[in-house]
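Please keep the sequence and the model in view while reading.

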Amino acid sequence: FLIDKVLQFSLLDGASGRFSLEPLDVNELLLPVAEIYTFHAQQRGGDLELDLDALNTWVQGNHIHLSNVFFNLLDNAVKYSRPDVALQLTIRTADEGDHIRITIEDNGLGIERKYLRKIFERFYRIPSGKQHNVRGFGLGLAYVSSVIRQCGGRIQPESVVGVGTKMVILLPTVKEG
């Protein structure tokens with residue numbers, strides 16, 4: 001698994017690793033992701049709120065990589081959920097000028113402010129005993145950041161320990177595909 005991740009990154013880093021972009025409807029990409037993670041949330045006594053309010057939903061992206069971004073962020077929300085609290089997940093889209101804002105939010109463990117800048121670095125894992133009982137290599141969020149940048153966007157994390165984490169993605173929109 002680690003070797004596969006490292007190979008994925010070596011592809012993304014090199015010029016030959018730039019993936020092709022095509023017009024994609026973000027709301028359409030999010031629907032199957034939401035369906036899967038609604039099930040995960042319900043298995044943990046919670047639910048997933050889906051608010052796809054954006055009207056301008058077309059971006060230049062790669063179907064597989066952008067879907068992986070959403071799966072990765074929600075997978076982290078499940079992995080770092082609080083065991084004593086019903087898992088609540090939220091996926092929102094909204095128009096923001098010539099961008100679409102995609103928000104993925106949870107009520108999990110949260111991330112200390114001092115670590116928020118580093119979480120997108122390759123191999124970085126938050127140095128906390130509570131969170132290292134979850135397997136991982138510190139590659140998922142670096143991959144997420146790389147894909148979003150290659151789609152011309154940016155990602156901003158917001159988090160409060162014991163309250164949860166919100167990942168806000170801004171992607172430039174294009175005319176409908």
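**Helix H3 and its packing**

At the start of H3, the backbone nitrogen of Ile64 has a side-chain oxygen of Asn62 within 3.1 Å. Helices here are DSSP runs of H or I with at least four residues, and strands are E runs of at least two, numbered from the N terminus. The model is predicted: local features need pLDDT of at least 70 and side-chain atom pairs 80 or more, while totals for chains, interfaces and linings use all residues. Residues are numbered from 1 along each chain as its sequence is written, and side-chain values use heavy atoms, without hydrogens or water.

**The helix itself**
- H3 contains 17 residues and spans 24 Å from its first C-alpha to its last, close to the 24 Å expected at 1.5 Å a residue (1.5 Å times one less than the number of residues).
- Among the buried residues of H3 are Leu66, Val69, Phe70 and Leu73 (buried means under 20% relative accessible area, with a 1.4 Å probe and protein chains only).

**Packing against H4**
- Residues including Leu66, Val69 and Leu73 in H3 meet residues of H4, among them Leu141, Val144 and Ile148 (contact means heavy atoms within 4.5 Å).
- By class, this contact of H3 with H4 involves eight nonpolar, five polar and no charged residues.

**The whole chain**
- The protein chain has four helices and seven strands.
- Their order along the sequence is α-β-α-β-β-α-β-β-α-β-β.
- Of the 177 residues in the protein chain, 47% are buried.

Definitions and conventions: Nonpolar A, V, L, I, M, F, W, Y, C, P; charged D, E, K, R; others polar. Buried < 20%, exposed > 50% of the residue type's maximum accessible area, 1.4 Å probe, protein only. Polar contact = N/O pair within 3.5 Å; in protein donor to acceptor, adjacent residues only side chain to side chain.
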